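Here's a quick briefing to read alongside the model. Take a look at the sequence and the 3D view, then work through the points below.

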Amino acid sequence: MLNIDSLERGVVIDHIRAGHSMEIYRYLELDRLDCCVAIIKNARSNQYGRKDIIKIEGDIDIDLDVLGFIDPNITVNVIDGGKILEKKSLQLPQQVRNVVKCKNPRCVTSVEPGIEQVFRLCDSEKRIYRCIYCEQEYKR
């Protein structure tokens, strides 16, 4: 069995669907951090069968809206002193900014550089978002 050291202080992103940890790594821009980041892929899970886990060492502010947008079943554990200080459950955010880009070539965000990409949740069951400028649908 693989043994990954426990964190003294940091964040553990848990219950990631197996195979999706690199997507989260890119969305959260974890490559820009100057700290230890461990990605555990296909870990055994009683609840999910297999799951991915990301462990980030040190004080870091995680964008919970991005994680909720990717997968609201993810949990975020804040670790301090080697113990779970706080366990955060996620939900689909009502709105996301600069997470995904509008695919409509006529959208103002495609024509005018620098305009924020803003999508609003319009159907939580189907996880459908719409661009606030042109109503282009984005299904997660």
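**Salt bridges, strands and a buried arginine**

Glutamate 29 counts as partly exposed because its relative accessibility is 39%; buried means under 20% relative accessible area, exposed means over 50%, and partly exposed is in between, using a 1.4 Å probe and protein chains only. Keep in mind that this is a predicted model, where local features need pLDDT of at least 70, side-chain atom pairs count only at pLDDT 80 or more, and totals for chains, interfaces and linings use all residues. Residues are numbered from 1 along each chain as its sequence is written, and side-chain values use heavy atoms, with hydrogens and water left out.

**Salt bridges**

- Searching the whole structure turns up 7 salt bridges, a salt bridge being a side-chain nitrogen of Lys or Arg within 4 Å of a carboxyl oxygen of Asp or Glu.
- One of them joins the side chains of glutamate 29 and arginine 32, at 3.7 Å from N to O.
- Arginine 32 is exposed, with a relative accessible area of 66%.
- Another salt bridge pairs arginine 97 with glutamate 116, and their closest N and O atoms are 2.4 Å apart.
- That pair links distant parts of the chain, 19 residues apart: arginine 97 is in strand 6 (residues 95-97), and glutamate 116 is in the loop between helix 3 (108-111) and strand 7.
- Helices (H or I, at least four residues) and strands (E, at least two) are DSSP runs, numbered from the N terminus.
- Arginine 97 counts as partly exposed at 45% relative accessibility, and glutamate 116 counts as partly exposed at 35%.

**Around aspartate 59**

- You'll find aspartate 59 in the loop between strand 3 (49-57) and helix 2 (64-70).
- With a relative accessible area of 65%, aspartate 59 is exposed.
- Aspartate 59 forms a salt bridge with arginine 9, with the closest N and O atoms 2.8 Å apart.
- This pair also links distant parts of the chain, since arginine 9 sits in strand 1 (residues 9-17), 50 residues apart from aspartate 59.
- Arginine 9 has 38% relative accessibility, so it counts as partly exposed.
- A network of salt bridges links Arg9, Asp59 and Asp80.
- Leucine 7 and aspartate 59 are 52 residues apart in sequence, and 11 Å apart in space from C-alpha to C-alpha.

**Strands 4 and 5**

- Strand 4 (residues 75-80) pairs with strand 5 in the antiparallel sense over 6 bridges; two strands pair if DSSP finds at least two bridges between them.
- Within that pairing, valine 76 stands opposite lysine 88 in strand 5.
- The hairpin of strand 4 and strand 5 has 2 residues between the strands, and glycine 81 takes a positive phi near 65° there.
- Strand 5 (residues 83-89) lies largely in the open, because 0 of its 7 residues are buried.

**Arginine 127**

- Look for arginine 127 in the loop between strand 7 (118-123) and strand 8 (128-131).
- Arginine 127 is buried yet has no salt bridge, and the nearest side chain of opposite charge, aspartate 71, is 4.8 Å away; Lys and Arg count as positive and Asp and Glu as negative, while His and the chain ends are not counted.
- Leaving out residues up to four places away in sequence, arginine 127 touches several residues, including Phe69, Asp71, Leu92 and Tyr138; contact means heavy atoms within 4.5 Å.
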